[in-house]
Amino acid sequence: MTEKTRYFSFEFFPPKTDKGKEKFRTTLKTLGRFKPYYFSVTFGAGGSTQQGTYDTVTEIQRSGHQAAPHLSCIGSTRENVLALLNRYRDAGINRLVALRGDMPSGMQSAGEFRYASELIEFIRRETGDHFYIEAAAYPEFHPQALSPDADIENFKRKIDAGANGGITQYFYNTDAYFRFIDDCHKIGVDAPIVPGIMPITNYIQLSRFSDMCGAEIPRWIRKRLQAYADDTVSLRAFGEDVVAAMCETLLHHGCPGLHFYTMNQADAVSALWQRLELSRYQRA
Ligand code: FAD
């Protein structure tokens, strides 16, 4: 049976140490064999990884893959953002993930942009249609959102400002994603919204992240992960079952693709890819 084409992407963070760079290169090589649509690279809070993001993105491009830098605007100026956009354009980059970001502790000024929608508007104004822009979407709602409706309206504002689509915060409850999509449709937003998928490999790390970003780990999953304690083999096997089942449901119901948060690790994502036979969804 021919499957409808879906778009799969892998997210990295810019490595800092020599060991981290080595790990990134090995992971890039392993995941590159799956020929993802693109790799994205995060941007540290307040621009702390600006050069690292640039270096990582251009290295990915040199290895023959499409790369998309994340770009966050908090603490930044228009001049600074424009200089970065020009650098990316000169390097042949034509995709971006545009974000507000979070104020790093110690940073005094929020800069010249308040929200991601303002950044997206600025990018469109300055660079026309050069970049395919994706914005963040929150099926379980952003922690600072005034209300669920206000957050959905904010996603619409980002699309209206010129974003082509969205990538979601990770979640383990597909109803939240489908409801979010339905709610977007109701207010006229039909842009593709790709679910962000976080593999489950480490309970402590996952629960820390989830507390910070407002993603919920459902009780039945949390209880089991806690019970595995140091039994990482069982924890990973369970995590793979849960995430694979979730991806199957999402694909079955027509999500446009999947964006994997790799944490610069290849194993969990490779296992999911092979188990779900994702290559069958890619255009030959
Ligand atoms: P916004 O869309 O600006 O929203 C931020 C908050 O403001 C929301 O609560 C929204 O409802 C509210 N809001 C927006 N506009 C208004 C308005 N006009 N009036 C009132 N309230 C408003 N962070 C990084 O630092 N680097 C990264 O590389 C990175 N990559 C990410 C990738 C993805 C796919 C996702 C989902 C998140 C990523 N983040 C990253 C995290 C992100 O920066 C944070 O979640 C941040 O707190 C919000 O960014 P945003 O772009 O969603 O902001």
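Keep in mind that the model is predicted.

Let's begin at aspartate 151, which you will find in helix H5, the stretch covering residues 148–160. Is this aspartate buried or exposed, and what is the nearest side chain of opposite charge? Aspartate 151 is buried, and the nearest side chain of opposite charge belongs to lysine 158, 6.7 Å away. A salt bridge would need a side-chain nitrogen within 4 Å of a carboxyl oxygen, and aspartate 151 has none. Leaving aside residues up to four places away in sequence, aspartate 151 touches Tyr138, Phe141, His142 and Ala145.

Now turn to the ligand itself. There are 22 residues around the ligand, and Asp151 is among those that come nearest, together with Phe43, Asp102, Tyr138 and Lys158. Some of the neighbours can be followed atom by atom. At phenylalanine 43, a backbone N or O atom sits 2.7 Å from a nitrogen atom of the ligand. Tyrosine 138, which also touches aspartate 151, has a side-chain N or O atom 2.7 Å from an oxygen atom of the ligand. Histidine 142, another contact of aspartate 151, places a polar side-chain atom 2.7 Å from a ligand oxygen atom.

How much of the ligand does the protein bury? On its own the ligand exposes 980 Å², and the protein buries 86% of that. Two elements, H5 and strand E6 (165–170), each give two or more residues to the shell around the ligand. The helix where we started, H5, gives the most, with four residues.

Conventions. Residues numbered from 1 in each chain as written. Predicted model: local features only at pLDDT ≥ 70, side-chain atom pairs only at ≥ 80, totals over all residues. Heavy atoms only, no water. Buried < 20%, exposed > 50% of the residue type's maximum accessible area, 1.4 Å probe, protein only. Lys, Arg positive; Asp, Glu negative; His and termini not counted. Contact = heavy atoms within 4.5 Å. Near = heavy atom within 4 Å. Polar contact = N/O pair within 3.5 Å; in protein donor to acceptor, adjacent residues only side chain to side chain. Areas by Shrake-Rupley, 256 points an atom, 1.4 Å probe, with all protein chains shown as cover.
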